Amino acid sequence: MTNRSILATASLAVAALSIASLMIGAGDLSPVSLATGGLTAEDLRLLFVSRFPRTFATLLAGAGLAVAGLIMQMLSSNRFVEPSTIGVSESAALGMLTVTLLAPGLPIFAKMLVAALFGLAGAALFMAIIHRLRLRSGLLVPLIGLILSGIIGAFVNFLAYRFDLMQSLGSWLTGDFSMVLAGRYELLWLALGLTALAILAADRFTLAGLGRDVAVGLGVPYGVTVAIGLVIVSLVSAVTIVSVGVIPFVGLVVPNIVSMLAGDNGRQTIPYVLLGGAALVLACDILGRVIRMPYEIPVGTTMGVLGAVVFLTLLFRRRPAHG
Amino acid sequence: MIETNALSKRYGDTVVVDGVTLSLPAAEVTAIIGPNGAGKSTFLSMIARLLSIDTGTAHVCGMDVAKAPSDALALKLAVLRQDNQIVARLTVRDLVGFGRFPHSRGRLTGEDRAMVEEAIGFLGLQDFAERYLDELSGGQRQRAFVAMVLAQDTQTILLDEPLNNLDIRHAVAMMRLVRRAADELGKTIVVVLHDINFAAAYADRIVAMKNGRVAVEGRVEDVVTETIIGEIFGIEASIRQVDDQIVCLFRR
């Protein structure tokens with residue numbers, strides 16, 4: 001398939017899923033009335049207050065998280081990391097917890113920025129550890145990420161327990177779109193700008209992924225590139241945590257599938273990763289809505305199950321490198 | 001033209017490169033030889049601004065590598081390090097295309113594409129151009145990286161053990177290519193080599209390093225002698241002239 005036809009197919013899939021997402025839910029909304037324009041005032045309210053926001057939120061979170069995962073993989077030259085497995089999500093949750101305790105009156109945007117700063121610190125810590133240990137490949141890098149996220153996560157849990165904020169913590173750490181309403185998700189639009197920025201810097205991220213020496217040899221400022229990448233990753237993590245909560249595996253599964261199909265040249269593949277992430281999260285959210293209608297299963301759970309299965313399959317099917 | 005003045009690097013108490021002052025003329029092939037741990041790669045990395053310089057200075061084409069902007073330097077100097085453990089799935093053509101990054105900032109022009117194809121052809125990689133790096137043999141991958149360095153089209157090229165992973169046919173082809181790049185294109189090439197005979201056969205000038213210092217430096221016939229090779233590597237070697245080439249034999 002050519003680039004153009006892959007992009008067209010993926011866009012169509014995302015569009016179809018989006019339409020399905022607009023239809024499905026506890027309130028009835030028939031496709032016929034949507035198509036013919038025979039919508040009641042009640043229908044319109046449902047669409048604009050709940051369905052559109054929810055669908056946008058899902059698309060934005062999915063695209064943003066998948067791209068964040070890809071960037072993290074490029075920067076660490078390792079396929080098996082993503083923000084939620086290296087402590088960035090936990091750090092951002094720690095940030096939210098801290099700001100909730102110390103300055104509960106701050107506007108949500110400021111809280112998100114604090115969460116992003118904490119996430120950035122967590123990401124920088126992870127990068128510093130793997131550079132220090134000179135682990136550039138293999139399974140040790142993701143393991144160190146898991147250990148780091150475990151430690152930070154334990155600390156966050158302890159704090160939340162002591163200050164009676166376990167419920168808030170739960171809402172940050174478990175992705176769920178059911179609470180998304182107009183006025184409650186708009187921060188996620190930031191993810192769109194961040195993915196656009198990632199596309200602009202795609203070549204530099206790809207070169208950073210080839211290693212510091214190659215990047216520097218070609219005149220790419222390695223430190224600046226890594227810093228920009230980490231800022232994107234932590235901001236995306238923070239806005240998703242604040243608005244919908246952690247959605248695991250998207251950042252891991254989507255870039256890995258795209259890499260197998262289309263390689264790792266970021267400029268070509270970031271659009272695929274973006275569309276793939278949006279499609280996957282949307283599909284998981286729809287699944288969570290229909291499995292036990294009219295009740296919902298949070299997307300964090302459906303994605304956790306589906307993502308784990310897909311990821312294991314990928315691991316087993318990965319061709320060993322020749323050499 | 002590469003000039004270093006009292007270039008030094010230390011890690012803790014260990015001095016890895018110890019006050020190296022050298023002047024390597026343009027359009028020549030210089031081979032750096034020496035035992036493991038002599039500081040060859042560290043020296044090369046400092047000239048290529050991949051490692052910071054502790055004391056001393058290094059100039060490439062008149063630019064101070066510690067002070068010149070990295071992107072400006074990338075137009076004058078290309079470098080290939082020895083360990084390229086790449087996990088990225090890039091095609092050979094994409095990788096070589098990245099060699100044009102200092103010129104095109106990622107937007108390849110027709111001229112860039114022509115340079116890329118030329119470099120791919122130089123290394124005999126036409127048949128692999130659309131293959132992913134992780135589908136190549138070690139030698140093919142090594143050649144792809146050298147093609148990327150060539151595509152960068154710089155006056156100065158630094159190669160750290162480019163013969164790694166290459167069989168004898170490709171090793172000879174690689175050194176011939178290095179020779180041609182100096183003779184026909186006027187490139188200044190510094191290459192770290194382990195094999196004394198490759199250095200003797202293809203280099204104009206040899207720098208022999210030991211314990212972080214330059215032990216001997218000069219034309220091939222001045223450096224590849226029984227006493228010097230014996231002292232530097234701590235082995236017994238016989239040096240012979242075969243046809244017009246100097247060869248080094250290692251005694252049993």
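Student: At what angle do the axes of helix α3 (residues 41–75) of chain A and α12(A) cross?

Tutor: Two packed helices are described by the angle between their axes and the distance between the axes. In this predicted model, the axes of α3(A) and α12(A) cross at roughly 70° and come within 7 Å. Because angles of 65 to 115 degrees count as roughly perpendicular, α3(A) is roughly perpendicular to α12(A).

Student: Which residues of α3(A) and α12(A) meet?

Tutor: From α3(A) come A:Gly62, A:Leu65, A:Ala66, A:Gly69, A:Leu70 and A:Gln73. Their counterparts in α12(A) are A:Val250, A:Gly251, A:Leu252, A:Val254, A:Pro255 and A:Asn256. Sorted by class, this contact has seven nonpolar and five polar residues, with no charged residues.

Student: How many residues does each chain give to the contact of chain A and chain B, and what area is buried between them?

Tutor: Chain A contributes 29 residues and chain B contributes 32 residues. About 2400 Å² is buried between the two chains, and carbon and sulfur atoms give 54% of that area.

Student: What polar contacts and salt bridges does the rule find across this interface?

Tutor: Ten residue pairs are in polar contact, both residues at pLDDT 80 or more. The rule also finds one salt bridge across the interface. It joins B:Arg81 to A:Asp213, whose closest N and O atoms are 2.9 Å apart.

Student: Which elements of chain A give two or more residues to the side that touches chain B?

Tutor: They are α9 (202–209), α10 (212–217), α12 (250–262) and α13 (266–290) of chain A. The largest share, five residues, comes from α10(A). By class, the residues on this side of chain A are ten nonpolar, eleven polar and eight charged.

Student: How many salt bridges does the structure hold over all chains, and where does the pair B:Arg213 and B:Asp18 lie?

Tutor: Over all chains there are 24 salt bridges. In one of them, the side chains of B:Arg213 and B:Asp18 meet at 2.8 Å, N to O. This pair links distant parts of the chain, 195 residues apart. B:Arg213 belongs to strand β10 (residues 213–219) of chain B, while B:Asp18 belongs to strand β2 (residues 14–24) of chain B.

Definitions and conventions
Residues are numbered from 1 along each chain as its sequence is written. Chains are lettered from A and ligands numbered from 1 in the order in which they are written. Side-chain values use heavy atoms; hydrogens and water are left out. Contact means heavy atoms within 4.5 Å. Buried area is the accessible area (1.4 Å probe) that two parts lose on being put together, summed over both. A salt bridge is a side-chain nitrogen of Lys or Arg within 4 Å of a carboxyl oxygen of Asp or Glu. A polar contact is a pair of N or O atoms within 3.5 Å; within protein, one must be able to donate a hydrogen and the other to accept it, and residues adjacent in sequence count only if both atoms are side-chain atoms. Helices (H or I, at least four residues) and strands (E, at least two) are DSSP runs, numbered from the N terminus. Ala, Val, Leu, Ile, Met, Phe, Trp, Tyr, Cys and Pro count as nonpolar, Asp, Glu, Lys and Arg as charged, and the others, Gly among them, as polar. Axes are lines fitted to C-alpha atoms, for helices over the stretch in contact, and angles run from 0 to 180 degrees between N-to-C directions. Angles under 35 degrees count as roughly parallel, over 145 as roughly antiparallel, 65 to 115 as roughly perpendicular and the rest as oblique.
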